[in-house]
Protein chains: 2
Amino acid sequence: MKKLENGSVHLELDEVMPMAVDSLKRAGCDDENAQAVASCIYEAERHGAHSHGLFRMPGYLASLKSGKVNGKASPKISTSKPSVLSVDSDGGYAPLAHKKLAKPLADMAKAQGVGVAALTNTFHFAALWQETEMLANEGVVGLACTAFKPALPPAGGSKPLYGTNPVAFSWPREDKEPLTFDQASAVMARGEVMIAAREGHTLPEGVGIDENGNPTTDPNEILKGALLPYGGYKGASIAMMVELLAASLIGEQLSFEAAAQDNNDGGPPRGGEFILALDPTNGLASAEGLFAKMLEQEGTRLPGDGRRAKRSKVLAEGVQIPVDLYEKIAS
Amino acid sequence: MKKLENGSVHLELDEVMPMAVDSLKRAGCDDENAQAVASCIYEAERHGAHSHGLFRMPGYLASLKSGKVNGKASPKISTSKPSVLSVDSDGGYAPLAHKKLAKPLADMAKAQGVGVAALTNTFHFAALWQETEMLANEGVVGLACTAFKPALPPAGGSKPLYGTNPVAFSWPREDKEPLTFDQASAVMARGEVMIAAREGHTLPEGVGIDENGNPTTDPNEILKGALLPYGGYKGASIAMMVELLAASLIGEQLSFEAAAQDNNDGGPPRGGEFILALDPTNGLASAEGLFAKMLEQEGTRLPGDGRRAKRSKVLAEGVQIPVDLYEKIAS
């Protein structure tokens with residue numbers, strides 16, 4: 001740790017995990033939960049995904065301190081139907097549940113051909129690609145989605161109803177890291193809009209509307225108004241589907257219900273996650289043929305590789321965070 | 001049937017189905033296959049979805065005449081894993097396979113919690129919403145996707161690689177028709193671009209690029225170049241996922257492989273379809289809560305209702321098709 005003249009704090013990458021673990025434990029997490037959450041924060045920072053890194057720590061800490069989240073949660077996993085794993089996260093953060101469900105869900109998908117994990121009673125505040133990559137590392141295709149609080153209007157409307165509702169997908173590869181995409185149903189993830197607001201940047205047109213439904217490039221106005229879905233009504237359909245799968249289908253709160261019940265402590269609201277796993281055993285060679293064709297075209301790369309390309313820079317240069325963020329985590 | 005002065009032919013809606021059945025049988029379909037395909041064409045016309053209606057008949061007829069498609073196909077269904085239905089379409093059109101798989105797939109989803117139908121050795125030329133609505137009418141959630149021939153470039157590229165790769169989703173409702181969306185991964189479905197080309201319309205910017213990768217509004221140039229995915233790289237991710245699910249995962253041809261093998265008779269190439277069914281029993285009330293919130297906002301409607309609103313007009317006014325299209329079907 002080193003304070004810089006620009007008012008930021010510099011951290012070596014290997015300082016991130018112990019600092020996050022220590023901070024989470026002091027706020028009430030047991031070791032197992034602290035390790036699982038901190039690992040997500042570390043992995044986000046390691047891949048240059050700062051909006052899901054240490055930037056999230058104040059939200060985690062606030063939701064522990066308010067008593068909303070159970071820092072000592074012990075997820076309970078049961079097979080509710082032959083191809084459905086019911087995972088009660090015990091009021092804790094999602095990462096520990098992910099660690100516990102990845103192997104049984106992958107085994108279920110291999111045996112049954114397909115498996116669904118219905119993750120309920122959880123608090124999801126991390127990047128989704130981590131759980132789909134856990135599944136891919138177990139040899140199966142992973143698809144995950146989760147709702148949050150209203151941020152996006154339905155098609156034709158102007159008031160937030162759907163969460164930014166990301167969808168992540170990972171495809172396993174032999175001897176290579178999985179192909180992975182993780183994309184919000186919004187043009188821009190809420191975390192990125194929050195960072196722009198914090199840093200005082202304006203945003204491109206089309207990212208959001210103000211509280212009167214008018215286009216704006218001011219991230220603060222967008223945070224009071226609504227984000228817009230990517231691709232117009234088509235992205236809104238995806239966001240709607242995520243509400244239905246990650247809330248209605250599995251018996252959890254829709255985004256608008258989660259917001260109504262949340263204590264607004266700055267952490268995530270209670271919600272659910274829909275995770276699908278598929279056995280791709282006979283399709284791996286075909287997929288490699290597709291990937292080769294993608295890479296034949298100039299300007300392309302495989303989804304996930306852009307994020308991974310940031311690792312060496314982050315490892316060499318470390319991480320910079322604002323001093324007030326550092327103090328919130330360290331205090 | 002009535003010839004109009006504008007060079008079109010007017011048909012009553014109830015003339016569509018027998019005309020299509022008769023034409024398909026004369027071209028080599030048995031009654032069961034002809035009824036299944038004609039039913040899709042009728043349903044498309046009934047909902048004002050002309051790009052999937054009689055407009056597709058020349059493609060169906062050409063692919064029967066060339067011998068590419070088996071008009072007397074008898075789909076074979078087996079349970080390859082406890083939650084996977086393997087459906088070999090026997091080289092026929094997809095609609096007969098859909099009719100045969102809907103009930104067993106819904107039963108599988110109810111028993112197992114989730115089921116996948118892996119539809120292979122098939123020729124898909126119809127709107128996807130019909131099969132997901134069949135599933136919803138059996139009481140389960142349906143999600144379907146299929147590849148075709150290259151039309152969309154991968155993210156960062158400029159040459160077609162992915163099909164327009166539609167995704168359809170239906171959610172069942174008690175005493176109401178299902179909520180359904182069916183959307184191409186392209187900004188605009190290829191069928192609509194073909195209609196614009198036929199009718200001499202230009203298209204909005206952002207729909208496609210010419211064969212040199214430059215933006216164009218000319219549908220003929222776009223058909224030679226590439227369609228663009230909705231929402232930029234995010235829509236490209238969806239199109240890529242469809243290739244992986246509807247081809248690699250289930251053991252069928254990717255779009256570029258299908259194009260290489262196709263005889264270009266104007267009909268669809270051989271391909272596959274991925275169909276997912278989920279048991280939503282405990283989520284129906286929650287979903288109705290979401291739908292009510294959507295409709296509270298001015299300017300919204302539920303996906304699928306726009307299409308259904310066209311029925312009464314089509315029923316009253318019938319269907320108009322160009323005389324040359326009529327002659328191809330009737331001759």
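Colleague: How do you know whether the crossing of H4(B) and H5(B) is right-handed or left-handed?

Modeller: The test is which way the near helix is turned from the far one, by less than a right angle, and clockwise counts as right-handed. The crossing of H4(B) and H5(B) comes out right-handed. This is a predicted model, as everything below is.

Colleague: At what angle do the axes of helix H4 and helix H5 of chain B cross, and within what distance do they come?

Modeller: Helix H4 (residues 94–112) and helix H5 (residues 129–137) of chain B cross at roughly 40°, with their axes coming within 9 Å. On the side of H4(B), the contact is made by His98(B), Ala102(B), Leu105(B) and Ala106(B). H5(B) contributes Glu131(B), Met134(B) and Leu135(B). By type, the residues of this contact are five nonpolar, one polar and one charged.

Colleague: What makes S1 and S13 of chain B edge strands?

Modeller: The sheet in question is open and has three strands in the order S1-S2-S13 of chain B, with antiparallel pairing. Strand S1 (2–3) and strand S13 (319–322) of chain B each pair on one side only, and these are the edge strands.

Colleague: How do you know that S1(B) pairs with strand S2 of chain B?

Modeller: Pairing needs at least two bridges, and two bridges join S1(B) to strand S2 (residues 8–11) of chain B, so the two strands count as a pair. They run antiparallel, and Lys2(B) stands opposite His10(B) in S2(B). Helix H13 (residues 323–330) of chain B packs on this sheet, where H13 touches S1, S2 and S13 of chain B. The direction of H13 makes about 90° with that of S13(B).

Colleague: Which strands are at the edges of the open sheet of seven strands in chain B?

Modeller: The order of that sheet is S3-S4-S5-S12-S6-S7-S8, with mixed pairing. S3 and S8 of chain B are its edge strands, since each pairs on one side only. Direction ignored, neighbouring strands of the sheet are turned by 15° against each other on average.

Colleague: How do you know that strand S6 of chain B and S7(B) pair?

Modeller: Four bridges link strand S6 (residues 141–146) of chain B to S7(B), in the antiparallel sense. The requirement is at least two bridges, so S6(B) and S7(B) meet it. Gly142(B) stands opposite Ser170(B) in S7(B). H8(B) lies across S6, S7 and strand S12 (271–278) of chain B, at about 100° to S12(B).

Colleague: What makes the relation between chain B and chain A that of a particular axis, and which axis is it?

Modeller: Chain B is superposed on chain A by a rotation of 180° with 0.0 Å of shift along the axis, and the RMSD is 0.0 Å. That is the relation of a two-fold axis. In chain B, the C-alpha of Gly231(B) is nearest the axis, at 1.9 Å from it.

Colleague: How do you know that the copies meet through the same surface?

Modeller: Of the interface residues of chain B, 100% are also interface residues in chain A, so the surface is the same in the two copies. The contact takes 51 residues from chain B and 51 residues from chain A. H8(B) gives the largest share of the side of chain B, nine residues. That side divides into 25 nonpolar, 20 polar and six charged residues.

Colleague: Why does the radius of gyration of chain A agree with that of a compact globule?

Modeller: For 331 residues, the rule puts a compact globule near 20 Å; chain A has 19 Å, so the two agree. The C-alpha trace of chain A spans about 55 × 45 × 45 Å along its principal axes. Chain A has 13 helices and 13 strands.

How values were computed. Residues are numbered from 1 along each chain as its sequence is written. Chains are lettered from A and ligands numbered from 1 in the order in which they are written. This is a predicted model: local features need pLDDT of at least 70, side-chain atom pairs count only at pLDDT 80 or more; totals for chains, interfaces and linings use all residues. Two residues are in contact if their C-beta atoms, placed from the backbone, lie within 7 Å. Ala, Val, Leu, Ile, Met, Phe, Trp, Tyr, Cys and Pro count as nonpolar, Asp, Glu, Lys and Arg as charged, and the others, Gly among them, as polar. Copies are superposed by least squares on the C-alpha atoms of residues with pLDDT of at least 70 in both. Axes are lines fitted to C-alpha atoms, for helices over the stretch in contact, and angles run from 0 to 180 degrees between N-to-C directions. The radius of gyration is taken over C-alpha atoms; the globule rule is 2.2 Å times the number of residues to the power 0.38.
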